[in-house]
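Morning, everyone. Please have the sequence and the model open while I talk.

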Amino acid sequence: MTDEIWQACVVVPPQAIAAFDEALNEAPGMEALASSSFEIQGGEVEGGALWKIEVLFAPPVDQLVLEARVALAASSMDMAVPGLSLVALPDRDWVTHALHALPPVHAGRFFVHGAHDRGKSPAGAMALEVEAGRAFGNGKHETTYGCLLALDRLGKVRKFQRPLDLGCGAGVLALAMARLWRVPVVASDIDPWAVAVTRENSRGNHLHPWIKGVLADGFAHPALSSRAPYDLIVANILARPLQRLAPAIAAHLAPGGRVVLSGLLAKQDAQVRSIYRDQGLFLRRRRQIGEWITLELDHIRRT
Ligand SMILES: C[S@@+](CC[C@H](N)C(=O)[O-])C[C@H]1O[C@@H](n2cnc3c(N)ncnc32)[C@H](O)[C@@H]1O
């Protein structure tokens, strides 16, 4: 049992997310590997919908300590103590794959691999072949991994028609979107080498009819602006460019569109979110892997 990963969950109202997230993530003597929080469909309370916080821990885990911290957080928020669920997950859980970061990478239904693993993709998986080290992004980094998980989930609930991979690196997210939806995908980067690698990877994965590689800083290229509005913009860049690009991302997003942001650290999360909130984009889902955050935003204000 020592290799198991433990998952702790609480369900809380939106105004209490930060307090309980911190209570679980900062539990002394325990190693929080990843956390995510998301709205529960249909769970309404005063102040908005209910949110579930899930935190994954490496062993050992002390249930009494976690319960005490949940009780303290509840008291600080002047609310009833929510139930804490603590379960052991099977060894080969997704975060184990994320954190061991060994190729190939399994991210939801995506199987990102190098040429040496060609043909080894599990039945039903969507294989994407990307060689390591040629441009950023072969799926191993927590930020790319977080975006792939977000795309996998979005792919189960919606078909996007006009997606953009802003800051495409090796193009893995553009490949994932083209594979999911078989629609034209724009993949842009400020780095000519990244655009060249993306084009090559698109051809190698037989997705080149769908993917348009563009060399551009942000949206400063007619090939990007003329294809707007996008119904999905995925930008795995860094906190500072993400903040700078917030007005342009909001301006190029279609009504009802979705934004996936990554490349920001946990300590930068609140500031990035507040800048996007000022642009009318609100948190829909948040995933933390290690220190890295992936956010999903849309136009619907919830709290
Ligand atoms: C962290 S990498 C992400 C690569 C890939 N999307 C992934 O998820 O693996 C960020 C990429 O954004 C590009 N980038 C940085 N600033 C940019 C900007 N202002 N406009 C377009 N691309 C930018 C970088 O050149 C780099 O390739």
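First, the ground rules. This is a predicted model, where local features need pLDDT of at least 70, side-chain atom pairs count only at pLDDT 80 or more, and totals for chains, interfaces and linings use all residues. Residues are numbered from 1 along each chain as its sequence is written.

Now the overview. The protein chain has ten helices and 14 strands. Helices (H or I, at least four residues) and strands (E, at least two) are DSSP runs, numbered from the N terminus. Of the 303 residues in the protein chain, 43% are buried. Buried means 20 or more other C-beta atoms within 10 Å of the residue's own; exposed means 12 or fewer; partly exposed is in between; and C-beta atoms are placed from the backbone. Take the contacts in the protein chain with a separation of 6 or more: residues 24 or more positions apart account for 66% of them. A contact here is two C-beta atoms, placed from the backbone, within 7 Å.

Next, the core. What does the largest nonpolar core look like in numbers? It has 84 residues, and Ala176 and Ile233 have the most contacts inside it. Its largest share, nine residues, comes from α5. It also draws at least three residues from each of domain 1 (5–89) and domain 2 (155–298). Those domain bounds come from an automatic or database domain assignment. By nonpolar core I mean a set of buried Ala, Val, Leu, Ile, Met, Phe, Trp, Tyr and Cys residues joined through C-beta atoms within 7 Å.

Look at Ile233. Setting aside neighbours within four places in sequence, Ile233 contacts Leu164, Leu166, Ile249, His252, Leu253 and Val259.

On to helix α6, residues 192–204. At 1.5 Å a residue, its 13 residues should span 18 Å, and the end C-alpha atoms are 18 Å apart, which agrees. The expected span is 1.5 Å times one less than the number of residues. Which residues of α6 are buried? Ala194, Val195, Val197, Thr198, Asn201 and Ser202. They cover an arc of only 165° around the axis, so they sit on the same side of α6. The arc is that of the directions from the helix axis to the C-beta atoms. Recall that an α-helix has 3.6 residues a turn, so residues three or four places apart point the same way. Pro192 and Arg203 are exposed on the other side of α6. The cover over the buried residues includes α5 (172–181), β9 (185–189) and β10 (211–215). Just after α6, His206 has a positive phi of about 55°.

Helix α2 can be read the same way. Leu66, Arg69, Val70 and Ala73 are its buried residues. Their arc is only 100° around the axis, which puts them on the same side of α2. They pack against β1, α1 (17–25) and β4. The face turned away from that buried side carries the exposed residues Leu64 and Ser75.

Strands now. β11 (residues 230–236) and β12 (residues 253–265) pair in the parallel sense over six bridges. Pairing requires at least two DSSP bridges between the strands.

Last, the backbone. Most residues other than glycine have a negative phi, and most peptide bonds are trans. Where are the exceptions here? Among them is the cis peptide bond from Pro59 to Pro60, with omega near 0°. Pro60 is in the loop between β3 (48–58) and α2 (63–76). The bond from Ala228 to Pro229 is also cis, with omega near 5°. Pro229 is in the loop between α7 (222–225) and β11.

For positive phi, see Asp78, near 55°, in the loop between α2 and β4 (85–89). Asp78 counts as exposed because it has 7 C-beta neighbours inside 10 Å. Arg182 has a positive phi near 50° and lies in the loop between α5 and β9. With 12 C-beta neighbours inside 10 Å, Arg182 counts as exposed too.

That is my tour; over to you.
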